[in-house]
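Here is a short briefing on one protein model.

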Amino acid sequence: MAEAHQAVAFQFTVTPDGIDLHLSHQAFTEIYLSGVRSWKKRIVGLKNSVLTGVYPASPSSWLFVVIAILATMYTRSDPSMGLIAKIQEHLPVSQSMSSQCQTLVSAVLFSTMLWLLLIFTMRMCLKQLLSYHRWMFEKHGKMSTTTKVWVALVRIFSGRKPLLYSYQGSLPNLPVPAIKDTIQRHLESVRPLMDDTEYERMTKLSVEFESSLGKRLEWYLKLKALWATNYVSDWWEEYVYLRGRSPIMVNSNYYGMDFMYVTPTPIQAARAGNSLHAYFLYRRKLNKEELKPWMLRSAVPCCSYQFERMFDTCRIPGTLTDTLQHWQDSDHIAVYHRGRYFRLRMYHAGRLLTPREIESQIQMILDDPAPPSKGEAKLGALTAGDRIPWAKARMKYFSSGVNKRSLDYIEKAAFFVSLDDEEQGGMADDPTRIDSYAKSLLHGKCFDRWFDKSFTVVYFKNGKMGLNGEHSWADAPVLSHSWQYVLSTDCFQLGYNAEGHCKGEVDSSLPRPQKLTWEIPPECEEQISGSLAVAQALADDVDVHVFAFEEFGKGKIKRCRVSPDAFIQMALQLAHYRDQGKFCLTYEACMTRLFKEGRTETVRSCTNESSAFVRALEGGEAADVCRRLFQEASEKHQHLYRMAMTGAGIDRHLFCLYVVSKYLRVESPFLKEVLSEPWRLSTSQTPLLVEMFDIVNYPEYVTCGGGFGPVADEGYGVSYSALGENILSFHITCKHSCPNTGANTFGGQIRKALRDLIQLLCPNQTELKRTEVKRPEVKKDL
């Protein structure tokens, strides 16, 4: 086969005249260039390790300290108070080293130790400063003198031009809350969901747990917090994600969407060319740590460790638990099209392929008439079904030979790409089609995505694209960062020519993409069919509705002096009460990345205050009363959000106590009941990085955000985004099998709740005129 010949550096045949040796100059060149690229990466990595290791100082500051010490000694002063002389006494005796040279070496060693001590001191000071969180609880726009001084000190100790991981050594550890406080907060959170009898029973369980088993479990947890970097994250990744044995499709993986109103080009291969090139530009920045660390209020750094496994990572199935495998700097991607798998190398002659060259490579795959191998077409269904059958099949049928080689090409790829034959649309051509678009990104045909890869990029026939992300390696905002970078780079930097193709020329010497080969036995085909049946039933049960609310956005909400997030959460509480006639345990994800290796915490948005407001509004109370109750509910929600962000949440603490109880093999009726409470309303906000988009001049170039599947069989999953100042987007999911839920119905309730709340809060304001109208999906030259 042609691809096999390209994989070897030389070949030989035995003839009557001797051995006929044929060397491949191209293969040796590729090996050489690959080695050069690898060594360059190592050198850059070493350089960044040094810069990060000495941060917030810089290597040049070492020279400054040395010169300062030597200059002081030149004035016949001893800044070391005798330490330089002590060091000189213990230097190895050398006949070739003069007394002056020994003094110089001793001074340099002392300067180095002093420099390292200063770095350690600065880091400890910065770590203590970053442990201060009272600034977050101050009213917006009203900064106390203490906070102003704190901000100034943080900036002084933060150094200049930080790399992506520069702050990792200075971030504080996540604190373990007092068990008494967690129990009290939990009781308060469940009060609106229980009647008096149920609440009294839960109170007794709580008191019994706190006074007996809870203290013992807390002791073990504090011991772990002293030893581990983060007392939650490793257990959260292991037990919440990797040990789940049900399908990760729909249940765990999530999706992200393209631009809402425009498609930059209708040519599928061209869209892939620009965006794939942009992804590798992003990976280059990531490897060089040139991405800026995320900062809150432009001063407080967030943990960046989740970025490490974005590329070259795959989830490997196991019978008991899955594992995350990360490889080093893969130079290829895996591509799926019409049941075939391809390996597409993204580098040639030591350089990254240009967008136009990637487009030509993708077009070759699209035009390739070869049929799939026997059993290959629906192979990806193994990653969509239950985990144990996939783990057993992988071990039995993919652990050796051609199947292992082809599977390695997929799992070790930088990421996965799926080329769909379907067309999907956004808001501009038909708003109802966006639901189909979302479902396609969430699960596709259940066999045309590789759900185990860190992420899959999907390209549709009409140039629309999207992504599907695996959840265990990182949370959605991290993948969203790269996605928004790719979208902005695609349109605002790379662009397309007049015909809609990528710009540039094509090197005719590029090798063709390599089609992967498989040998799938009938028994494995049966397993593929079984996994597909499980996945298809799950996919068919998912109901999805996506809509953009354009009557007003966060701009008008802020003019009502309300937090946009609190406003939307109150709207969701009102909508859910109208839809179900009762309140439910509500999950809102918030980050804990102010701490080292922090991931997420839960904000329990259904509170006594929010339920009181909803009852008052639905009960016809006076507007002034409802406004007062809304304000109380909004302030309570903001307080809970800040508490969760600063390590004083409820659910991660209880989760870890439960894990400790399982290790100790002790049963807790309280923990068992708490951890089994269903989240019938699970919500999450997707942030839009406005610095990457010019929303003022190009308002149509705004992404629609993304969504996830419902957490509970009888509940809703709601993801929302504030797109600029005037648009809110919502992604709603539930299950058809539940007769009491409906995504479209709940979407209607959310729209009504939003209108009712804005009318309540701003009754005298003239309605904000919409500055945007439906925009046709057209290609634009930028």
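The points below are grouped by topic. The model is predicted. It holds four cavities of 30 Å³ or more and one disulfide.

**Cavities**
- The largest cavity has a volume of about 110 Å³.
- Its lining is made up of 19 residues. Leu 174, Val 232, Thr 592, Thr 600 and Arg 652 lie nearest the centre.
- By class, the lining has seven nonpolar, eight polar and four charged residues.

**Helix pair α10 and α22**
- The axes of α10 and α22 come within 11 Å. They cross at roughly 75°.
- Angles of 65 to 115 degrees count as roughly perpendicular, so α10 and α22 are roughly perpendicular to each other.
- On the α10 side, the contact is made by Trp 235, Trp 236, Tyr 239 and Val 240.
- On the α22 side, the contact is made by Arg 652, Phe 655, Cys 656, Val 659, Val 660 and Tyr 663.
- By class, this contact has nine nonpolar residues, no polar residues and one charged residue.
- Arg 652 belongs to this contact, and Arg 652 is also among the residues nearest the centre of the largest cavity.

**Disulfide**
- Cys 560 is joined to Cys 762, with an S to S distance of 1.7 Å.
- The pair links distant parts of the chain, 202 residues apart.
- Cys 560 sits in the loop between α18 (554–559) and α19 (564–580). Cys 762 lies in the segment after α24 (743–761).

Terms used. Residues numbered from 1 in each chain as written. Predicted model: local features only at pLDDT ≥ 70, side-chain atom pairs only at ≥ 80, totals over all residues. Heavy atoms only, no water. 1 Å grid on protein atoms, 1.4 Å probe; cavity = no way out; pocket = protein on both sides within 12 Å on 5 of 7 lines; lining within 4 Å. Points joined across faces, edges and corners; volume = space filled by probe spheres on them. Nonpolar A, V, L, I, M, F, W, Y, C, P; charged D, E, K, R; others polar. Axes fitted to C-alpha atoms, helices over the stretch in contact; angles between N-to-C directions. Helix = DSSP H or I, 4+ residues; strand = E, 2+ residues; numbered from the N terminus. Parallel < 35°, antiparallel > 145°, perpendicular 65-115°, else oblique. Contact = heavy atoms within 4.5 Å. Disulfide = S-S within 2.5 Å.
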